[in-house]
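Below is a short note for a colleague who has not looked at this structure before.

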Amino acid sequence: MIKVEWFYWLCGAIFLAVAVLTLADRTNAKRYGSAAFWGLLGAAFVYSTFVVHKTAPAWVLGLAVIAMALLVATGRLGRGTTPGPTRAEQEAGADRFGNRLFVPALTIPVVVIIFAVGLAKIHTGGRPLLEKSSETLIGLGVAAITAVLIGFVMLRPKSPLAPLNEGRRLLEAIGWAAVLPQMLATLGQLFVAAGVGTQVGRITENVLPGNSLIGGVIVYCVGMALFTIVMGNAFAAFPIMTAAIGYPVLVQHFHGDAAAVFAIGMLAGFCGTLCTPMAANFNIVPAALLEMKDKYGPIKAQIPTAIPLLACNIILMYALAF
């Protein structure tokens, strides 16, 4: 059986390698703090396996997270000045390879689909080939490795460490925001466990006009967008707002179609994704990849679309779900 934890170990190994490369980069004035940050993150990916299997204490991970937060708070992360490809080299490569440059990137969704749809059904020796409920993640890990190998064959970089060096440059450009997805996913679980959704529901009962369907729709959709802005992830906002408004008010009280309410509610949450730097993968990473002078440029460009799109989702939910 292929297990998903193998790919978590690979992620940890990559972060540890980035830590070593950062430590060796004398152009980074804060290389010790940066190396410690990425090293702790890499070690956490590996150590977490033992925590999940209850063979190691979880408090060690807590200390690691606190140490990483202190490194960020005290400004210990920095960037090196090791030069990457020049603009002329990038343009020459684009002219040479043309649209073939998209092949490694397009390989990723193709391989993921093959794993999630095809290989997920294969069994060997009475056991599934892929770990149950992790088929898509395993496919993503294999797809990433496949894409790197295809990139090597196509581009033939001078150094075998080219992917790690470029990955390190990107991580340094993004900084601590690279770990936001993991942090925010944890925050969402904490909110649910703490009963935030229930409390939001109680507050909303005192704000909503009595028996107002349109009021409930607006609060649910706008709440999804606002919680997504705060948490950076519509999937983290979904259980909170659905427990507070979506299910008890819109589905149970107003007898809305659950599929339509929840699907459009997620779309409303994605409107918040367009407006927040907390959604680092969508808004901060592109700015770093494109080397934009304004790291909030994508957000500023997306807000004029996000607001009317949120209004459209409110209208659609009101018209189609009831």
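1. The model is predicted. Please keep this in mind when reading the points on the pocket and on the helix contacts.

2. The second largest pocket holds about 830 Å³ of space. Its lining consists of 24 residues. Those nearest the pocket centre are Ala44, Phe45, Ser48, Val52 and Leu61.

3. Helix H1 (5-24), helix H2 (31-52), helix H3 (59-73) and helix H8 (180-193) are the elements that each supply two or more residues to the lining of the second largest pocket. H2 contributes the most, with 7 residues. By class, the lining of this pocket has 14 nonpolar residues, 7 polar ones and 3 charged ones.

4. Two packed helices are described by the angle between their axes and by the distance between those axes. The next points give both for each pair.

5. H1, which also lines the pocket, packs against helix H7 (residues 162-174) at an angle of about 85 degrees, and the two axes are 10 Å apart. Angles of 65 to 115 degrees count as roughly perpendicular, so H1 is roughly perpendicular to H7. On the H1 side the contact is made by Ile14, Phe15, Ala17, Val18, Leu21 and Thr22, and on the H7 side by Leu164, Asn165, Arg168, Leu171 and Glu172. The contact of H1 with H7 comprises 7 nonpolar, 2 polar and 2 charged residues.

6. Helix H10 (residues 213-231) packs against helix H12 (residues 258-273) with an angle of about 40 degrees and an axis separation of 7 Å. H10 and H12 are therefore oblique to each other. The crossing of H10 with H12 is right-handed. H10 makes the contact through Tyr220, Cys221, Met224, Ala225, Thr228 and Ile229, while H12 uses Val261, Phe262, Gly265, Met266, Ala268, Gly269, Gly272 and Thr273. In the contact of H10 with H12, 9 residues are nonpolar, 5 are polar and none is charged.

7. H10 also packs against helix H14 (residues 297-320), at an angle of about 140 degrees and with the axes 10 Å apart. This angle makes H10 oblique to H14. H10 and H14 cross in a right-handed sense. The residues of H10 in this contact are Leu213, Ile214, Val217, Ile218, Tyr220, Cys221, Val222 and Ala225, and those of H14 are Leu310, Asn313, Ile314, Met317 and Tyr318. The contact of H10 with H14 has 12 nonpolar residues, 1 polar residue and no charged ones.

Note on methods
Residues numbered from 1 in each chain as written. Predicted model: local features only at pLDDT ≥ 70, side-chain atom pairs only at ≥ 80, totals over all residues. Heavy atoms only, no water. 1 Å grid on protein atoms, 1.4 Å probe; cavity = no way out; pocket = protein on both sides within 12 Å on 5 of 7 lines; lining within 4 Å. Points joined across faces, edges and corners; volume = space filled by probe spheres on them. Helix = DSSP H or I, 4+ residues; strand = E, 2+ residues; numbered from the N terminus. Nonpolar A, V, L, I, M, F, W, Y, C, P; charged D, E, K, R; others polar. Axes fitted to C-alpha atoms, helices over the stretch in contact; angles between N-to-C directions. Parallel < 35°, antiparallel > 145°, perpendicular 65-115°, else oblique. Left-handed = near helix turned anticlockwise from the far one by under 90°. Contact = heavy atoms within 4.5 Å.
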